[in-house]
Amino acid sequence: MSSSEVLPQTPERVLSARAGGWDLLGSEISVLFRRRRTWAMLIAVALIPILLAVAVRLSSSTLDPGEGPPFLDRVTQNGLFVGFTAMVVAIPLFLPLTIGVVAGDTIAGEAGLGTLRYLLVAPAGRVRLLLVKYAGAALFCLVATLTLTVSGALIGAALFPVGPVTLLSGDTISVPESLLRSLLVAAYVTVSLLGLSMIGLFISTLTDVPVGAMAATIVVSVIAQILDVIPQLDWLHPWLFSHYWLGFADLLRQPLDLGSFGQNSIVQFCYVAVFGALAYSRFVTRDILS
C-alpha cells in the first residue's frame with residue numbers, strides 16, 4: 001500500500017489544519033473513508049450476517065431454543081433476527097478487530113509516515129489533533145455497526161419471512177418498531193466500542209509503529225473479555241469496558257429497559273475520560289522530531 005493511498009498530500013493536510021478544526025476533521029474523515037483498508041473491513045463486517053443467514057437457510061436441521069448463539073433459533077421464523085444474531089457474533093472479535101486497526105493507526109500511522117510533525121507545525125494543535133483523531137475513530141464505530149445492522153436486515157428480508165417480532169419478554173411489536181429497536185441496538189454497540197477506541201488512541205501515542213498499536217489494542221480487548229469470564233474476578237467485572245457489550249438484550253424487552261444502556265454509557269465514558277487524559281499527557285510532551 002503506497003503512502004499516497006493512505007494519506008492525501010501533506011500540503012493539503014497542513015492547509016486543513018491551518019483552516020480550523022472542522023476542516024481538519026473533514027480531512028481526517030475523508031482520509032479514513034478513502035482507504036481501501038477501511039472499505040475492506042466494512043465489507044467483511046457486512047459479510048457476517050450474510051454468511052450467517054446463508055448458512056441457516058441452507059441448513060436442513062432445525063435448532064432447539066437456546067441452541068447456538070442467542071436469537072439464532074428465531075432467524076428462520078423472522079429474518080429481522082439475523083441482525084441481532086450477527087451483532088452477538090461480531091461483538092467479541094470482529095468489531096473490536098476493526099476498531100483496533102482504526103484506533104491504533106490514529107497517531108502512530110501519522111508518525112510512521114512522517115506527517116505528524118507537519119500537522120502539528122501547521123499549527124493544528126495537539127489537543128485539537130487528538131480530538132479529531134478520536135472523532136474519526138468514533139465515527140468508524142458508528143458506520144461499522146450500522147453496516148452490520150443494515151446488512152443483517154436486508155439479507156434477513158431476502159431469505160426469510162419478515163413480520164411482527166416477538167421480544168424476549170414475549171410481547172410482539174410491529175416491523176417498524178422492530179427496525180427502531182435495531183437502530184437502538186446499533187447505538188448501544190457503538191457506545192460500547194467508544195472506550196476501546198480511546199484505549200487504542202492512547203496506545204497509538206506511545207509508538208511510531210501502527211501495526212504494534214493495532215495489535216496491542218486488540219490484545220487489550222481479548223484480555224478484558226477473558227477477565228470478564230473468570231468468576232473469581234466478579235468484583236472487577238462491572239469495571240471492565242467489555243462487561244456490558246452484550247447487554248443490548250435488555251433493549252428487546254417490553255417495556256423498553258434502558259438500564260444496561262445507561263450503565264454501559266457510564267463505563268465507556270469513564271474509559272474515554274481516563275485514557276483520554278493519559279493520551280493527552282503523553283501526546284503534549286511527545287517529541288515529534290525524534
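Trp39, Ile43, Leu47 and Leu51 together form a nonpolar surface patch of about 420 Å², where a patch joins nonpolar side chains (Val, Leu, Ile, Met, Phe, Trp, Tyr) within 5 Å, each residue having over 30% relative accessible area and no salt bridge. Leu47 lies in helix 4 (residues 36-58), helices being DSSP runs of H or I with at least four residues, numbered from the N terminus. With a relative accessible area of 37%, Leu47 is partly exposed, a class between buried (under 20%) and exposed (over 50%), computed with a 1.4 Å probe and protein chains only.

The model is predicted, so local features need pLDDT of at least 70 and side-chain atom pairs count only at pLDDT 80 or more, while totals for chains, interfaces and linings use all residues. Residues are numbered from 1 along each chain as its sequence is written, and side-chain values use heavy atoms, without hydrogens and water.

Beyond its neighbours within four places in sequence, Met87 is in contact (heavy atoms within 4.5 Å) with residues including Leu95, Val185 and Phe248.

Ala108, in helix 7 (residues 108-113), is buried, with a relative accessible area of 0%. The C-alpha atoms of Ala108 and Asp208 are separated by 4.6 Å, although the two are 100 residues apart along the chain.

Methods:
Patches are made of residues with over 30% relative accessible area and no salt bridge: like charges are joined within 9 Å, nonpolar side chains (Val, Leu, Ile, Met, Phe, Trp, Tyr) within 5 Å. Accessible areas come from the Shrake-Rupley method with a 1.4 Å probe; for residues, only the protein chains shown count as cover. A salt bridge is a side-chain nitrogen of Lys or Arg within 4 Å of a carboxyl oxygen of Asp or Glu. Helices (H or I, at least four residues) and strands (E, at least two) are DSSP runs, numbered from the N terminus.
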